Amino acid sequence: NYKHQTMCTICVPNGLKMVMYTNTSPRMNLHMRHSLPLQMHLLILSSEHISTKKHMAKSLILANGNIMVGLNSHGFVNDFFFPFVGVENHVRGESHRIGVWQHGRLSWLDNGEWNTEINLDQDTFIGTVKCFNKNTNLELLFTNAVYNEKNIFLREVQVTNHGDHTEEIKIFFHQVFSIYGTSQEDTAYYDPVKNALIHYEG
């Protein structure tokens, strides 16, 4: 009785802006062989600022020469360098946390309830993060990639319910960008025309 739902989040640096798209259907090809789909649909994005530890070791690093994304042991984005790797870190070591709303409560992936495995697919530039909650029998499989030809960071999420009952869940992506490495004047808004959440400095 496995039940699956797939979602893909895309981060496209655009000048001073970080454009976040989310696509729930159809499933996006993460082998980077095809163009991005024209229709994007925003799902769920959190807005609460949450303080976390900085300068944590990175369990997965993905890069293409212009973008470098570092993920920590929970699969959270801790580093986002663009357009020069090692210069402006648009996250500054903060954590872009991920949480799951289920059974009337929010469970962050770093709260101790989730077992996390992080791997890099052999002979590819694709990293996977598998999270399993033994209390709810819920599994999240994140497929992560930085596009090798364009400056795009993609995350696809496949949700599997290993329980016996149908579950309704919500996935929250917490974002705390510090554009150009500063925490001042960072702004975010939802663009209904592009179906995207825009982060910018100013």
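In which sense do strand S6 (residues 98-102) and S7 pair, and over how many bridges? In this predicted model, S6 and S7 pair in the antiparallel sense, over 4 bridges. The pairing belongs to an open sheet of 3 strands in the order S7-S6-S12. An open sheet of 3 strands with the order S3-S4-S5 is also described below.

**Sheet S7-S6-S12**

- The strands of this sheet pair antiparallel, in the order S7-S6-S12.
- Strand S7 (105-108) and strand S12 (170-173) are at the edges; each has a single partner strand, so one side of each has no neighbour in the sheet.
- On average, neighbouring strands here are turned by 25° against each other, direction ignored.

**Contacts of S6 with its partners**

- Towards S7, Trp101 stands opposite Leu106.
- S6 and S12 run antiparallel and are joined by 4 bridges.
- Towards S12, Gly99 stands opposite Phe172.

**Faces of S12**

- Ile171 and Phe173 make up the covered face of S12.
- Lys170 and Phe172 make up the uncovered face, and Phe172 is the residue opposite Gly99.

**Sheet S3-S4-S5**

- The order of this open sheet is S3-S4-S5, and its pairing is antiparallel.
- Strand S3 (60-63) and strand S5 (77-81) are the edge strands, each pairing on one side only.
- Neighbouring strands of this sheet are turned by 10° against each other on average, direction ignored.
- Strand S4 (residues 68-71) pairs with S5 in the antiparallel sense over 4 bridges.
- Val69 has Phe80 in S5 as its bridge partner.

Methods
Residues numbered from 1 in each chain as written. Predicted model: local features only at pLDDT ≥ 70, side-chain atom pairs only at ≥ 80, totals over all residues. Heavy atoms only, no water. Pairing = 2+ DSSP bridges. Helix = DSSP H or I, 4+ residues; strand = E, 2+ residues; numbered from the N terminus. Axes fitted to C-alpha atoms, helices over the stretch in contact; angles between N-to-C directions. Buried < 20%, exposed > 50% of the residue type's maximum accessible area, 1.4 Å probe, protein only.
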